[in-house]
Amino acid sequence: MDSHFLFKFHFSLALYMTGIIWLVQMIHYPLFKLVNEDKFCDYHKYHIQKTSVVIAIPMILEMLSGLYLIASDSNYRNNFIFLSAYILLVFIWFITFFVSVPRHNVLAKGFNELAVNTLISTNWGRTVAWTLRAIILFNLLS
């Protein structure tokens, strides 16, 4: 596979996810506080179903395309800047699965202000990391 094309694909996924995470940070998570408690479980379930479709596949493809570039091309494997961007992606996945997903599991049972506040505050880590990834990868684009 052409590494330059795959890098462009990887960069496109990072840009896409950067836009998505800003939408989640600025709109979706704060909206949790505005939903009536009697409708919250339905709202949250709908949120998870719909956003998972938009987020899961690009996240997986972003991770796999970066891993493939590292494994198959020494230009990426030996590039400290690319590896730094990939480490940010690992950080994003860590926050996603060890912080965000458990908070969503709490919210699946009903509104919990602490869980919502934790999602909002810890999601800044993902938001900043994806933004930095997009900037770093843009600078590697040639």
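**A helical chain and its nonpolar core**

The largest nonpolar core has 31 residues, and those touching the most other members are Phe7, Phe32, Phe82, Leu107, Trp130 and Leu137. Four helices each supply at least two residues of this core: α1 (3–31), α2 (37–72), α4 (80–107) and α5 (113–140). The biggest share comes from α1, which gives 9 residues. All of this is read from a predicted model.

Step back to the whole chain. The protein chain has 5 helices and 0 strands. Its pattern along the sequence is α-α-α-α-α. The C-alpha trace spans about 55 × 25 × 20 Å along its principal axes. Of the 142 residues, 39% are buried. Now take the contacts in the chain with a separation of 6 or more. Residues 24 or more positions apart account for 77% of them.

Next, the helix packing. Two packed helices are described by the angle between their axes and the distance between the axes. Start with α1 and α2. Their axes come within 9 Å and cross at roughly 155°. Angles over 145 degrees count as roughly antiparallel, so α1 and α2 are roughly antiparallel to each other. The crossing of α1 past α2 is left-handed. Now turn to α1 and α5. The axes of this pair come within 9 Å, and they cross at roughly 155°. That angle makes α1 roughly antiparallel to α5. Here α1 passes α5 in a left-handed crossing.

Leaving out residues up to four places away in sequence, Trp130 touches Ala14, Met17, Thr18, Ile21, Met59, Glu62, Leu89 and Ile92.

Thr18 sits in helix α1. Is Thr18 buried or exposed? Its relative accessible area is 11%. Buried means under 20%, so Thr18 counts as buried. Beyond its neighbours within four places in sequence, Thr18 is in contact with Trp130, Thr131 and Ala134.

Arg133 forms a salt bridge with Glu62, and their closest N and O atoms are 2.9 Å apart. The pair links distant parts of the chain. Arg133 is in helix α5 and Glu62 is in helix α2, 71 residues apart. Arg133 has 0% relative accessibility, so it counts as buried. Glu62 also counts as buried, because its relative accessibility is 0%.

Move along α2 to Phe40. Phe40 lies in this helix and counts as buried, at 0% relative accessibility. Which residues does Phe40 contact, leaving aside neighbours within four places in sequence? They are Phe32, Val35, Leu107, Gly110 and Phe111. Compare Phe40 with Tyr68. These two residues are 28 apart in sequence, and their C-alpha atoms are 40 Å apart in space.

Ser100 gives a view from α4. Ser100 is found in this helix. With a relative accessibility of 2%, it counts as buried. Its contacts, not counting residues up to four places away in sequence, are Ile95, Leu119 and Arg126.

Finish at Leu141. This residue lies in the segment after α5. Its relative accessible area is 31%, so Leu141 is partly exposed. Where does it sit relative to His4? Leu141 and His4 are 137 residues apart in sequence, yet 8.9 Å apart in space, C-alpha to C-alpha. Setting aside residues up to four places away in sequence, Leu141 touches Phe7, Lys8 and Phe11.

Notes: Residues numbered from 1 in each chain as written. Predicted model: local features only at pLDDT ≥ 70, side-chain atom pairs only at ≥ 80, totals over all residues. Heavy atoms only, no water. Core = buried A, V, L, I, M, F, W, Y, C linked by side-chain atoms within 4.5 Å. Buried < 20%, exposed > 50% of the residue type's maximum accessible area, 1.4 Å probe, protein only. Contact = heavy atoms within 4.5 Å. Salt bridge = Lys/Arg side-chain N within 4 Å of Asp/Glu carboxyl O. Axes fitted to C-alpha atoms, helices over the stretch in contact; angles between N-to-C directions. Parallel < 35°, antiparallel > 145°, perpendicular 65-115°, else oblique. Left-handed = near helix turned anticlockwise from the far one by under 90°.
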